[in-house]
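Please have the sequence and the model open while I talk.

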4 protein chains.
Amino acid sequence: MSASEARPSALEAPGLRRLDELGLSPWDLLVLGATVLVAVAMPLRIVFEMSIGWLTVASALVSLVFAVDIVRRLSRPQVTGGAVLADRPAARDRYLRSWLTIDLLAAVPFDLLAYLTTSGSGAVVLRGLALLRVLRVLRILGLQREWRVRSSFNPAVLRLSFFAFWIALVSHWIACGWMALGGPELAHPELSPYQHSLYWTITTLTTVGYGDIVPEGSGPVAYTMVVMALGAAMYGYIIGNVASLLANIDVMRSRHLSRMEAINNFMRDRQVPRHLQAQVRDYYNYLWESRTGQQSEMLEDLPPPLRTEIALHLNRNVLRKVPLFAEASETFLRELVLQFEAVIAIPGEAIVRRGEIGHRIYFINKGTVEVLSRDESEVVATLDDGDFFGEVALLTSQPRSNTVRAVDYCNLYALNRGHFDRVLEDFPDFAEKVRQVAESRRSGPRGG
Amino acid sequence: MSASEARPSALEAPGLRRLDELGLSPWDLLVLGATVLVAVAMPLRIVFEMSIGWLTVASALVSLVFAVDIVRRLSRPQVTGGAVLADRPAARDRYLRSWLTIDLLAAVPFDLLAYLTTSGSGAVVLRGLALLRVLRVLRILGLQREWRVRSSFNPAVLRLSFFAFWIALVSHWIACGWMALGGPELAHPELSPYQHSLYWTITTLTTVGYGDIVPEGSGPVAYTMVVMALGAAMYGYIIGNVASLLANIDVMRSRHLSRMEAINNFMRDRQVPRHLQAQVRDYYNYLWESRTGQQSEMLEDLPPPLRTEIALHLNRNVLRKVPLFAEASETFLRELVLQFEAVIAIPGEAIVRRGEIGHRIYFINKGTVEVLSRDESEVVATLDDGDFFGEVALLTSQPRSNTVRAVDYCNLYALNRGHFDRVLEDFPDFAEKVRQVAESRRSGPRGG
Amino acid sequence: MSASEARPSALEAPGLRRLDELGLSPWDLLVLGATVLVAVAMPLRIVFEMSIGWLTVASALVSLVFAVDIVRRLSRPQVTGGAVLADRPAARDRYLRSWLTIDLLAAVPFDLLAYLTTSGSGAVVLRGLALLRVLRVLRILGLQREWRVRSSFNPAVLRLSFFAFWIALVSHWIACGWMALGGPELAHPELSPYQHSLYWTITTLTTVGYGDIVPEGSGPVAYTMVVMALGAAMYGYIIGNVASLLANIDVMRSRHLSRMEAINNFMRDRQVPRHLQAQVRDYYNYLWESRTGQQSEMLEDLPPPLRTEIALHLNRNVLRKVPLFAEASETFLRELVLQFEAVIAIPGEAIVRRGEIGHRIYFINKGTVEVLSRDESEVVATLDDGDFFGEVALLTSQPRSNTVRAVDYCNLYALNRGHFDRVLEDFPDFAEKVRQVAESRRSGPRGG
Amino acid sequence: MSASEARPSALEAPGLRRLDELGLSPWDLLVLGATVLVAVAMPLRIVFEMSIGWLTVASALVSLVFAVDIVRRLSRPQVTGGAVLADRPAARDRYLRSWLTIDLLAAVPFDLLAYLTTSGSGAVVLRGLALLRVLRVLRILGLQREWRVRSSFNPAVLRLSFFAFWIALVSHWIACGWMALGGPELAHPELSPYQHSLYWTITTLTTVGYGDIVPEGSGPVAYTMVVMALGAAMYGYIIGNVASLLANIDVMRSRHLSRMEAINNFMRDRQVPRHLQAQVRDYYNYLWESRTGQQSEMLEDLPPPLRTEIALHLNRNVLRKVPLFAEASETFLRELVLQFEAVIAIPGEAIVRRGEIGHRIYFINKGTVEVLSRDESEVVATLDDGDFFGEVALLTSQPRSNTVRAVDYCNLYALNRGHFDRVLEDFPDFAEKVRQVAESRRSGPRGG
């Protein structure tokens, strides 16, 4: 379990830990910011032929950052996507073959060169090349995929955020293109050219199409047709995704809700009496709120060591509550925790019936049960959180001596005879304690 | 089973019972109404700077209602979401940490104060604060979630209604915002400003975009872009949901219909003769109309006591019809009902064949069967609703002595040998009656 | 099987049979036509105040038809939805409680009365009532549901057609309403009012919204808002349905295609060699084209008599081809057909291997196999359509004596030892024939 | 396996092989090009009444190509869709009944005849007939279906491409129709008629509807209504498909991602400690990257010979690495490969525990394991890629003598005792080698 011990020690502040989870060092963050800046500013810079101001400085700094990043990557190749599989030389090779060209293009300050050059046509070419710097934004696609599988952020929220980011960026680019084409400026003279273009872009992409700004001349008309087709495709993609995205924001809750809906429909259809309907709904809501029932499904695919760790975590409540387990060894708990089966009892349910052959011992995680006398006429004992019952029948192999009934909703953990016997055998200290309790109970007025 | 007995006695009128199901007391209804009123009226009040009239009185009353509600919640904390888990102090704590701020903001009549204040800038601030009162409408989200799991209303209808409510409310808010920005009033001078704004809002949100009203100036243009983006997202959400909603209005029926479609397609594809196709369709329609087959799926997840109650309800018809069960004890029926297996026989089907080893006894819920003579040449008896057959072979362990054939569609309940034997053992009175009938039949010309 | 025999004799012409399947007599067709006519014509008649012409005659005739229909339904109540369950008095009761009011309203010629009355306000009321006649079109909803489960038409095509019908009808109604409101007529003076209205309706419902026709005055504006909201909802519904509809037009084919896509993706991903990929694709395509594999899934839910009938139909090809079965009795084939298991062998596959213990006999439906000599060096026999092999090992309980290899794709039917033995026992004639063939083969150079 | 051997030898160049996969000869490509040309050019030719230029020559050449194609198809009928089932005469029959008419119509140069004829009305009729030549484009639908099941192209990309093709073609046709109707030319005088029409078409189909070009006169208005309805339906279809298409571009990856999302949600919900979450994510990512776990699902449906071939391919890595298998016979490997079970061990996991009864032998495909001394205090051996362990317990039937622990993520292949024993029995050479290794290990300080 060396990996698990090494990791949390490295970074302690929660903010840094989050960054670590995303696989981002502060340097990565800087590069990311520079990439977004280039993607946003470069098209504006080309369109407006902006030669002065802070943008020039920023462009130079960004080039520097990108250049340093290339050097870093070549000297210390990042191992992304499955740290366990990749090795460094292979990663460098992959980098040389894939992203290097794009990174190099992004690192050259073509836009600065364009303002320094004296030849007119050279400036045009350089400005065209400056647009290539924008390509580096594609690296965010890789980041997006990485974060979806590596981070613990809510994945639906993550996808929605990236979605919004890309749509905003594409809208911005389309607006810049419209400006570059010199779209008509007549409709709203009070707006700045960029506002005007962005307004037109959004109007067209969302298919609202007021018609107050329409293209003129074959260039803008062709551009408009492409934007409209793109808008339709984008719309299709949005619509196909938004619903599934929203549904995924809380998968478990929506699964619970649609199950409730099916059950409600069924019961209304069959005219189940109203108070029975309420009981059934209560039961399923209790099940949902106590979060029982999903864990076995999640655990079954994991390899044994991880399964034990997760199960220990998930059942830590009951382990803490039951006094029997208080001094138990780590090994013992690890052994035990995988055998636990969660059981819900509803109020009034007879969990154990007198006369039955007993196959299980129960530990009470939450709730109250009452042990009935042999003729079931009175309550001889009441047990609650942390107690256990049903051990007598398992130890003596005799039928259950008393009925045990749930008083309210009970959250129990059951252990089967086979597992119980194995645990007793492997851990004689524990067996001794259980036998003491059972002995005292048998001599008293009740058993299990 | 105390919960089930206590509940229906509390409220008897069906209307009240429905409210009870929604967890709404009359007071809750009043608060709900006040919340909606504030959400609708407050933006209008701010935009139109309405200082007089009934709205002032209403605003004061609403503040009073909200103030009383806060006091009530603190003194008698409502336990929402799983009455069984929560306890009152925890509920009060949760309330203090979560909704209290919003409730307090909504209870202060900022709008009244705004008209009383003399300072101009103070009025502006107070009017801004008055908008915060609207936030209380978010409580309806909690209500919506609560109703989905607690009420027996058709959940799809419930969702559609809430959906329409939210869209209408958001449209109203957007229209108010457009008015506040002083959008252009030129296009339709015959309309009131509110009509004008709402018309523009709907035109934009539905992406129709006539273009008769377009924004002017950078403020309205920016607002329009946001509304268009919101409209696109909302549209995506609507489209993604409407179909699934409509499909859920009657889940079982649509499942039946799509199953029929698959079967129809298969039979057409394989060119099954037309009269056979009709028979298969008839069978599935009968199955659907007699509502057999869904219950086992619904029952299996329930805890034993609830399962018994529901099964008793679902099979109450056959229990009422079969004379054998008329005087049976409650305990007996509870035992029996979980063992029943529903069986459909089509016209002409041999349910029991002479010479076979018999494993089941059948009770006729609906339909007619005929018992054939040993050479299958004539009908020696006809049985219908409430009769049973097949008991001889089970009692004597001999092969079936007569073939029994369905005359029309028959809805039967079958009991397996194992269950039948256990029932006979546990309930000697019942066993005696069955034996009498069997004896009289064996001495007569037919058996089972 | 009385139902199956009675039905096809009733109607012989294919057209009539189709109508019969839809549950439509010629009279029903007439009533259906009249209903659609009223739904289309009545709004036009109210809006245009059309008092003369053929519409008056039609309206009178329609009233007559509807009146006669009510009398018919009361005297001979139609049993819709599961002929097997319903009985006539119950059906009449249901009719009295449900559709009677709407049918009565539709039968009164309010529109004729409106033109006969002299009082102005009376005419307005009567014209309003005339609109109620349109409600009868709701009966088509019932028809639609009925057809989906009863008819053998392609259900997706059926749904698409009804869909188109309803959208067209609603568009027509909206256009009529727009005319009634006296929407602006300025934009396209060359169009007739109805054309103008319909054009506006479609422009708005499809959310295209050119803006050449916009509402004026609060009435039309309110109407427009409702139509836009309706358009958005309808659009959502269309979009949610169209894809699933189109996918359902040929369910089996689309399931095959998406399976192929998954397999293709997997193989490309794992770089399976190209010729192996082609072989796998060939295999699945053969499986699809020979339509093996779906039938067991479809058969398993059916009651035994129907299952036998359908299986007899589906396997009629092999039964016809195998000479052994040519003179077999009906009873024998019914027994056999449910035990058949379809098997596909690919070219070169060894269906039976020398030395194995044999558990199955194979009948060749389509394809060629070759029987190899004991040392597998040469082909001693070739079998094709209608032949069988593998019987020797089953009869003698010795290991397979020869390997049998598929030459091309083979479509085989296999019978397990257990089923084979039972068949031999029950049908001694058949057993004798099989034994003769086996004997002649064992004495010859090959076996099975 | 004759088919697999014959195929790859036929065509060696990768480009040709790809064409071969699509079932396209160079001639087919020519015909395909001619078909698209006709579909695009013919409507333009009719609308513009273009009588001269290269189009006339092209039209004549296309007619020639189509005529030759008909002759070819009649003399050498193509067997499409399941080469294995169809036979040539049946294919020719099918061709005569289905496509022949359309092919003949497309082969007649009606457009040339129209310019040669002197009669005005004759020219109109001939121009109408020329449009029928376009119908031949429907053949591409068949091609599309064929490619989906036959080719190894990414099916989602294929569908998207065809989708784009059809939408572009339909838009082109709609624009031609609009020109033919003489739609208004006022709005954008600077555009060519075709540009103008196409711009209007896209504006309408995407439901943007600027309103700068609106129809005038009843003909164009009716046309517009049809186009709008078509646009709505097409939009519905696009939206319903785009999402599923995009999801299908990499099915396996998206399945992995949504599984990761469910696991992330679960762990966040249960507040699993951050380092445990990271370990679980690492595990699933490793599983995904090593592509274990999908193959068994894909293999199970295949017939035995194909299953063996595919399994040999998928496991070729481990077979190459393990020295034991280096000289093994082809037959041996075929036998072995179907029994392999892929196992992933995470760092620190005890794959084999001292004292357990051993049931499996493990081959290391990738990764490092360490064999611990009997008291688990020190590492006595380290094994990596190509090594195997666990054989001692299988050979001697004694409990495992040493614990074996994974050092990093390990990709192992396990063989069960049953399979192992059978392999040893069938292949004595291999058994001997294994025993030698085991012997040397037992005498050394470690075992398995």
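This is a predicted model: local features need pLDDT of at least 70, side-chain atom pairs count only at pLDDT 80 or more; totals for chains, interfaces and linings use all residues.

Let me begin with a network of salt bridges in chain A, which links Asp69(A), Arg73(A), Asp103(A), Arg136(A) and Arg139(A).

Asp103(A) sits in helix H6, residues 100–107 of chain A, while Arg136(A) lies in the loop between helix H8 (120–132) and helix H9 (139–150), so the pair links parts of the chain that are 33 residues apart. Both Asp103(A) and Arg136(A) are buried.

If you turn to chain B, you will find a salt bridge between the side chains of Asp69(B) and Arg136(B), at 2.9 Å from N to O. Here Asp69(B) belongs to helix H4 (residues 54–75) of chain B, and Arg136(B) to the loop between helix H8 (120–132) and helix H9 (139–150) of that chain, with 67 residues separating the two partners. Asp69(B) and Arg136(B) are both buried.

Back in chain A, Glu309(A) pairs with Arg334(A) in a salt bridge whose closest N and O atoms are 2.8 Å apart. This pair joins helix H16 (residues 304–314), which holds Glu309(A), to helix H18 (residues 330–337), which holds Arg334(A), across 25 residues. Are these two partners buried or partly exposed? Glu309(A) counts as buried because its relative accessible area is 16%, which is under the 20% cut-off, whereas Arg334(A), with 29%, is partly exposed. Over all chains, the search finds 36 salt bridges in the whole structure.

Helices H11 (193–205), H12 (218–248), H13 (251–269) and H14 (274–289) of chain A each supply at least two residues of the side that touches chain B, and the largest share, 14 residues, comes from H14(A). Sorted by class, that side of chain A has 27 nonpolar, 16 polar and 14 charged residues.

As for extent, the contact takes 57 residues from chain A and 65 residues from chain B. The area buried between the two chains is about 5500 Å², with carbon and sulfur atoms giving 64% of it. On the chain A side, Tyr210(A), Arg270(A) and Arg274(A) lose the most area to chain B, together 14% of what that side buries.

How are the two copies related? Chain A superposes on chain B by a rotation of 90° with 0.0 Å of shift along its axis, at an RMSD of 0.1 Å, and that is the relation of a four-fold axis. The copies use different surfaces, since 11% of the contact residues of chain A recur in chain B.

Lastly, a residue in chain D: Asn402(D) is placed in the loop between helix H20 (391–396) and strand E7 (404–406), and at 0% relative accessibility Asn402(D) counts as buried. A polar atom of the Asn402(D) side chain lies 3.0 Å from the backbone oxygen of Leu372(D), and that side chain also makes a polar contact with the side chain of Ser401(D), at 2.9 Å.

Terms used
Residues are numbered from 1 along each chain as its sequence is written. Chains are lettered from A and ligands numbered from 1 in the order in which they are written. Side-chain values use heavy atoms; hydrogens and water are left out. Contact means heavy atoms within 4.5 Å. Buried area is the accessible area (1.4 Å probe) that two parts lose on being put together, summed over both. Helices (H or I, at least four residues) and strands (E, at least two) are DSSP runs, numbered from the N terminus. Ala, Val, Leu, Ile, Met, Phe, Trp, Tyr, Cys and Pro count as nonpolar, Asp, Glu, Lys and Arg as charged, and the others, Gly among them, as polar. Buried means under 20% relative accessible area, exposed over 50%, partly exposed in between (1.4 Å probe, protein chains only). A polar contact is a pair of N or O atoms within 3.5 Å; within protein, one must be able to donate a hydrogen and the other to accept it, and residues adjacent in sequence count only if both atoms are side-chain atoms. Copies are superposed by least squares on the C-alpha atoms of residues with pLDDT of at least 70 in both. A salt bridge is a side-chain nitrogen of Lys or Arg within 4 Å of a carboxyl oxygen of Asp or Glu.
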